[in-house]
Amino acid sequence: MRISDQLEIVSAKHREPHVGPWSSITVLVSDGGLGHLFTRWLRLERKVVARLVSCASMSTGEASQLARCPDLLRRVTDGQVLSDSEQKMVDGCIDKLGRAIMMHRKELPAPWRAAKEARAKKLVPPDDLLQAVREFLAVMYFDTARPGREFAAHAAPSLYAEPLTIRMKQPAAIASVVWISVLRLFEVRMRARGATGKGGLPKVAAATDRAGLVTGTDELESRTVTTRDILVAVRSAIQNPGAYMPLARPAKLTKLSVKMAHGGCSDTSIARAERLRLDFARYRRVREATVPGSSAERGTIERHLLRIADEETARTRTAVGRWGPDFWGAMSARMTNTPPQYLSAGLDGELALGGLADLASRCQVWFSPGFDVDLAIAAEKKARGEKS
């Protein structure tokens with residue numbers, strides 16, 4: 001990973017809850033990837049920083065002590081003096097980490113590899129290895145106790161996306177949409193070349209050209225995600241949040257139900273709206289069949305309902321694109337309080353709300369940003385295995 005001009009090598013380790021925390025330095029070197037990070041750090045001429053990211057925490061004892069060492073060593077680099085107890089702990093951790101790395105053996109310089117029959121407790125790490133371990137720990141970051149995969153989808157929007165949206169002066173509520181947009185970007189890039197060995201990643205410092213650059217990086221190009229790419233995804237989500245929201249699945253697939261579900265309305269609100277729409281249609285048929293001039297009256301009613309809907313849309317609309325519940329509630333209250341002189345004979349507030357539902361079914365009133373309702377219905381029918 002590159003941050004500005006600084007390269008960072010990362011070991012990301014998921015650890016199931018039943019396995020428990022990182023219990024020892026030996027386990028961190030083998031299962032936690034510290035041994036691998038150390039050899040890569042050496043191959044990159046000790047010019048990069050390293051990080052272990054994991055959902056598991058450090059257990060009390062040598063693991064948690066090792067996690068404290070990088071901060072202490074950076075304090076020394078800044079000219080501070082450690083206490084005797086801190087210095088003793090740092091020296092002890094460096095010695096244990098040095099012996100664990102010697103036992104790791106893989107891709108280490110020959111003088112640092114422990115013999116096959118060696119025992120870790122009896123090893124004496126050479127001074128140059130201990131110095132290398134000290135330098136490595138000074139640029140090491142332990143980023144542990146992250147949310148596990150079962151919680152990531154719920155925690156990530158508030159932990160990672162919300163601070164960014166607030167900094168961009170956007171509502172915190174849009175964080176979940178931003179997270180979905182960025183996550184989809186990574187999903188597409190990671191699958192850009194299908195299933196490949198080791199994800200198509202080149203071996204660090206495995207082959208270089210005359211300039212000393214790693215060759216074969218063009219294969220990685222299709223899977224690279226830059227900060228600019230992420231910002232484009234974030235801005236896209238902010239500008240069109242409705243495109244990243246999952247479509248709810250109403251029991252009855254009508255234009256009205258799909259639009260209300262897309263806007264976030266509850267099943268109860270949808271059922272009520274469908275019932276009122278049918279009541280309004282029945283009222284209108286009877287009225288037009290028995291009262292002369294009712295067709296013109298119908299136009300007056302619809303213009304009145306559209307004006308109220310326009311006012312309440314402006315009042316309840318939000319940046320996240322799901323204002324359905326607030327809009328429906330506001331319209332319900334408004335129709336209940338509508339002055340009688342604006343209603344035709346026999347048209348009460350409930351039937352007027354049915355008129356609004358009828359307008360919504362004809363795509364003149366919306367509960368979210370506009371979308372292709374017919375396409376959404378067809379897609380839902382296909383998902384359910386129904387014929388279009």
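Helix axes are lines fitted to C-alpha atoms over the stretch in contact, and the angle between two of them runs from 0 to 180 degrees between N-to-C directions. Keep that in mind as you work through this predicted model.

**Exercise 1.** Work out how helix α12 is oriented relative to helix α13, and what their contact consists of.

*Solution.* 
- Step 1: Find the helices. α12 covers residues 324-336 and α13 covers residues 349-361.
- Step 2: Look at the axes. They come within 8 Å and cross at roughly 140°.
- Step 3: Classify the angle. Only angles over 145 degrees count as roughly antiparallel, so α12 is oblique to α13.
- Step 4: The crossing of α12 and α13 is right-handed.
- Step 5: List the contact. Phe-327, Trp-328, Met-331, Ser-332 and Met-335 of α12 meet Gly-349, Ala-352, Leu-353 and Leu-356 of α13.
- Step 6: Sort these residues. Seven are nonpolar, two are polar and none is charged.

**Exercise 2.** Now describe how helix α9 packs with α13.

*Solution.* 
- Step 1: α9 spans residues 255-262, and its axis is 8 Å from that of α13.
- Step 2: The angle is about 90°. Angles of 65 to 115 degrees count as roughly perpendicular, so that is how α9 and α13 are arranged.
- Step 3: On the α9 side you will find Lys-255, Leu-256 and Lys-259, which meet Ala-357, Ala-360 and Ser-361 in α13.
- Step 4: By class, this contact has three nonpolar, one polar and two charged residues.

Notes: Residues numbered from 1 in each chain as written. Predicted model: local features only at pLDDT ≥ 70, side-chain atom pairs only at ≥ 80, totals over all residues. Heavy atoms only, no water. Helix = DSSP H or I, 4+ residues; strand = E, 2+ residues; numbered from the N terminus. Parallel < 35°, antiparallel > 145°, perpendicular 65-115°, else oblique. Left-handed = near helix turned anticlockwise from the far one by under 90°. Contact = heavy atoms within 4.5 Å. Nonpolar A, V, L, I, M, F, W, Y, C, P; charged D, E, K, R; others polar.
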